[in-house]
Amino acid sequence: MASAKPLGVAAQERAPVDLPILFDTRERIGRPDLSGIVRLRFLTTVDFPPFNFIDQTGKLAGFHVDLVREICRELALTEKCQIQAVTFPELEKALVDGNGEAVAAGVAVTAELRKRFLFSRPFMRLPARFAVTKKAPPAGETAAALDGKRVGVVAASAHEAMLKAFFPRVQAEAFPDRAALLASLKDGKVEAVFGDGMQLAFWTSGSESAGCCRLFDGPYLSERFLGEGLTIMFRKEDATITGAIDHALLALSRSGRLQEIYLRYFPVNLYGG
């Protein structure tokens, strides 16, 4: 387990970005009394970039880390907040054993976990997207242009099920893994691919794709196929802390600070063109 370190406060610059609205602007989430909190320890991992990772200076960094920093600032708990890293399989036990009060590490919310833990409101949803080649783009800028076309997807994935449900007129072609899927698009074996928007955004804008491809249409969001989104997990007995985090997330969404954090870690707008 990495040693816990107090969280500092980073300077911010506001910038707009179109994120899905997860909080009703008219909603009110009260701020619970936090005077009894001695410390607020967040658990994360180091292997989920750009959300949590070790940066070039050897420090814990990422979207989740900056989000935790802003939550603590919003709740006036900066001096009481800490963040520490464990391996992903250790997260649940560390939380249950009292080695932390919250988990911010991209744990997927399931019905089974909801029986044993509390979760914050989702603060980000990762969309599905199409990607196409620049040399032979579809004759149109909407998914309708892919009707009857070969569209690659990873076999037995949530995205394969979603593609078939949302776009029954495309010719879905399943590939064994992500590497084979992306190679099929670069090689022109399929007209498009469908998958995780974050992964496709980094791939199309990175050196691995060699500039071959771009995001196309979308984004597509579905709780049924893609889950509730990114949340923070707590013990059942920590309802007060859960409520406080929801209060902070609402405030960060309204002030634009949530969007500012997003812009630091995503080179391509997952929700735009």
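**Entry 1**

I started at Ala128, which stands opposite Asp196 in strand S12. The model is predicted, so I kept its rules at hand: local features need pLDDT of at least 70, side-chain atom pairs count only at pLDDT 80 or more, and totals for chains, interfaces and linings use all residues. Residues are numbered from 1 along each chain as its sequence is written, and side-chain values use heavy atoms, with hydrogens and water left out.

I noted how the elements are named. Helices (H or I, at least four residues) and strands (E, at least two) are DSSP runs, numbered from the N terminus. Two strands count as paired if DSSP finds at least two bridges between them.

Next I looked up the partners around Ala128. Strand S9 covers residues 128-133 and strand S12 covers residues 192-196. They pair in the antiparallel sense, over five bridges. Both belong to an open sheet of five strands, in the order S11-S10-S12-S9-S13. The pairing in this sheet is mixed.

Which strands stand at the edges? I found strand S11 (171-175) and strand S13 (213-220) there. Each has a single partner strand, so one side of each is left without a neighbour in the sheet. From one strand to the next, the twist averages 30°.

I then checked what lies across this sheet. Helix H5 (residues 178-186) lies across S9, strand S10 (150-154), S11, S12 and S13. It runs at about 150° to S12. Axes here are lines fitted to C-alpha atoms, for helices over the stretch in contact, and angles run from 0 to 180 degrees between N-to-C directions. Contact means heavy atoms within 4.5 Å.

I stayed with S13 and checked its backbone. As background, most residues other than glycine have a negative phi, and most peptide bonds are trans. Asp217 is found in strand S13. Its phi is positive, about 55°, although Asp217 is not a glycine. Asp217 has a relative accessible area of 22% and is partly exposed. The scale I used is buried under 20% relative accessible area, exposed over 50%, partly exposed in between (1.4 Å probe, protein chains only).

Gly218 and Pro219 are joined by a cis peptide bond, with omega about 10°. Pro219 lies in strand S13.

I moved back to Ala210, in the loop between helix H6 (197-205) and S13. Ala210 also has a positive phi, near 55°. At 65% relative accessibility, Ala210 counts as exposed.

**Entry 1: disulfides**

How many disulfides does the structure hold? I logged two. The cut-off is a pair of cysteine sulfur atoms within 2.5 Å. The pattern is 1-2, 3-4, with bonded cysteines counted along the chain.

Another disulfide joins Cys212 to Cys213, S to S 2.3 Å. Why is this disulfide left-handed? The torsion about the S-S bond of Cys212 and Cys213 is about -95°, which means that it is left-handed. Cys212 counts as buried at 18% relative accessibility. Cys213 is buried too, with a relative accessible area of 2%.

**Entry 2: the three-stranded sheet**

I turned to the sheet in the order S3-S4-S5. It is open, and its pairing is antiparallel. The edge strands are strand S3 (47-48) and strand S5 (60-61), each pairing on one side only. Two bridges join strand S4 (residues 52-54) to S5. Ile54 stands opposite Leu60 in S5.

I also checked the loop between S3 and S4, where Pro50 has its place. The peptide bond from Pro49 to Pro50 is cis, with omega near 5°.

**Entry 3: the whole protein**

The protein has nine helices and 14 strands. Its C-alpha atoms fill a box of roughly 60 × 40 × 40 Å, taken along the principal axes. The radius of gyration is 20 Å; a compact globule of 273 residues would have one near 19 Å, which agrees. That radius is taken over C-alpha atoms, and the globule rule is 2.2 Å times the number of residues to the power 0.38.

Buried residues make up 49% of the 273 residues. The protein exposes about 13,000 Å², and carbon and sulfur atoms supply 53% of it. Accessible areas come from the Shrake-Rupley method with a 1.4 Å probe; for residues, only the protein chains shown count as cover. Of the contacts with a separation of 6 or more, 77% come from residues 24 or more positions apart.
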